[in-house]
Amino acid sequence: MTTALHFDVGSVRVAPATVLAPMEGITDRAFRRLIRTLGGCGLTVTEFVSSDQLSRQNRRAWQMAELDADEHPVSIQIYGRDPDAMARAAAYCQGLGADIVDLNLGCPSKAVTGGCSGSALMKEPALAEAIFRAVKAAIDVPMTVKMRLGWDEGSLNAPLIAGLAEGAGASMVAVHGRTRMQMYRGVADWRGVRAVKQAVGIPVVVNGDVLTVDDALRALAESGADGVMVGRGALRDPWILRRIADRLAGRAPYAPPLEDRRAHLLRYFDILREDSHDDRRAIGRMKKVTGYFTRGLPFGADLRQTIYHSHAVDPIYAAVDAYFERLAQSGIDDGFARVHPDDETPDRATDARRLERAS
Ligand SMILES: Cc1cc2nc3c(=O)[nH]c(=O)nc-3n(C[C@H](O)[C@H](O)[C@H](O)COP(=O)(O)O)c2cc1C
């Protein structure tokens with residue numbers, strides 16, 4: 001079994017060897033701060049930001065790339081198809097304080113691949129390489145690339161793309177163990193990531209379907225990767241990175257008491273409101289994250305039902321408070337532990353179907 005404790009992305013040490021995956025619509029400053037506060041996260045990554053919009057000074061794009069002053073190490077992820085625009089955007093990101101600039105070659109969304117960026121770039125290795133080289137020449141901080149295994153089963157070219165990235169000066173690659181055509185269907189192939197690890201000398205991070213601490217250990221062992229990246233697992237259980245880090249360090253994984261769960265969800269709401277400037281956006285994110293957070297939990301459906309119909313902040317706070325009170329009064333203080341056990345695989349098929357509907 002691997003004992004990944006840390007890895008280096010160029011001059012940036014990632015310790016512990018755990019990464020919060022970029023998730024558009026989720027991993028904004030507030031969510032990243034929540035995860036950092038809980039501990040165990042070696043690196044955070046922003047939502048993807050359009051290089052074209054950054055270059056055109058689009059206000060929303062700049063907000064998406066905003067970082068907390070104490071958020072280190074942090075990576076800003078950009079996407080696009082024009083090497084010059086990507087290079088300019090990367091330089092802006094460096095100016096904004098990014099420790100790392102990450103390039104998105106993994107997004108399956110038609111809005112992104114339709115414009116020939118995201119995972120579609122995996123079908124155009126020459127263009128991908130031109131982008132890597134242009135970006136690398138524009139920044140001093142390390143450059144990394146996030147990709148899938150390939151476009152489809154017939155073109156599993158992640159080792160080739162990772163090699164081109166390394167040749168152009170990339171300092172790490174993260175690989176989601178699915179193809180573009182799989183979207184979020186099926187199960188992530190952690191063994192498939194091993195081919196990338198064998199092809200390059202830079203650190204490789206394994207990603208996809210890590211929902212429990214045991215999953216993380218299996219993903220690391222099967223891929224031989226240097227670190228593990230978690231996306232949806234951190235929405236179901238925001239403590240998962242801390243718990244993985246505990247296990248990697250030989251400690252018993254932290255099991256947050258119910259009060260911690262309540263306090264941190266409400267604190268996340270506070271940060272969202274501070275950051276959002278307008279309550280409508282904050283309310284949308286509160287609903288989304290609470291929905292993930294309570295899936296499969298006792299009375300979770302009732303809570304979701306209540307907050308989905310709320311149009312103001314106060315009733316959402318009140319509903320979450322009442323929900324945790326109800327759990328406590330029902331004597332359920334290990335509800336989360338039962339839903340997120342360390343040694344059991346949750347229902348991935350249901351998760352995958354839900355995501356596919358959402359994407
Ligand atoms: C809601 C959502 C938004 C995502 N947005 C991004 C993104 O902006 N950039 C990116 O590289 N990947 C994005 N992804 C993919 C994740 O980073 C990750 O590769 C994928 O979800 C598999 O990991 P997981 O099973 O741990 O979630 C997104 C995934 C989800 C579910």
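What follows is a dialogue about reading features in a predicted model.

Biologist: Before we start, what should I know about the numbering and the confidence cut-offs?

Modeller: Residues are numbered from 1 along each chain, in the order its sequence is written. The model is predicted, so to speak of a local feature we need pLDDT of at least 70, side-chain atom pairs count only at pLDDT 80 or more, and totals for chains, interfaces and linings use all residues.

Biologist: Okay, domains. Which ones does the assignment give?

Modeller: Domain bounds come from an automatic or database domain assignment. Here that gives domain 1 (7-248) and domain 2 (258-336). Their C-alpha centres lie 29 Å apart.

Biologist: And how many residues of each are in contact?

Modeller: Two residues are in contact if their C-beta atoms, placed from the backbone, lie within 7 Å. By that rule, nine residues of domain 1 touch 10 residues of domain 2. On the domain 1 side, the elements giving two or more residues are α1 (29-38) and α10 (232-236). Helices are DSSP runs of H or I with at least four residues, strands are E runs of at least two, and both are numbered from the N terminus. The most comes from α1, with five residues.

Biologist: Now a single residue. Is P238 buried or exposed?

Modeller: Buried means 20 or more other C-beta atoms within 10 Å of a residue's own, exposed means 12 or fewer, and partly exposed is in between, again with C-beta atoms placed from the backbone. P238 counts as buried because it has 24 C-beta neighbours inside 10 Å. You'll find P238 in the loop between α10 and α11 (240-248). Leaving aside neighbours within four places in sequence, P238 is in contact with L34, I35, L38 and H264.

Biologist: On to strands. What covers the two faces of β7, residue by residue?

Modeller: In a regular strand the side chains alternate between the two faces of the sheet. For β7 (residues 100-105), I100, D102 and N104 sit on one side and V101, L103 and L105 on the other, all buried.

Biologist: Which strands pair with β7, and in what sense?

Modeller: Two strands pair if DSSP finds at least two bridges between them. Strand β6 (residues 74-79) runs parallel to β7, joined by four bridges, and S75 stands opposite I100. Strand β8 (residues 143-150) is also parallel to β7, with five bridges. There, D102 partners T144 and N104 partners K146.

Biologist: Where does K146 lead next?

Modeller: To A174, its bridge partner in β9. β8 and β9 (residues 172-179) pair in the parallel sense over six bridges. As for burial, eight of the eight residues of β8 are buried.

Biologist: What handedness do the crossovers have?

Modeller: Point the strands away from you: if the path from the first strand over the helix to the second runs clockwise, the crossover is right-handed. β6, helix α4 (residues 83-95) and β7 make a right-handed β-α-β unit, and so do β8, helix α7 (residues 158-167) and β9.

Biologist: Last one: which residues are closest to the ligand?

Modeller: A residue is near a molecule if its C-beta atom, placed from the backbone, lies within 6 Å of it. The ligand is surrounded by 23 residues, the closest being A21, E24, F48, G231 and R232. The shell divides into nine nonpolar, nine polar and five charged.

Conventions:
Nonpolar A, V, L, I, M, F, W, Y, C, P; charged D, E, K, R; others polar.
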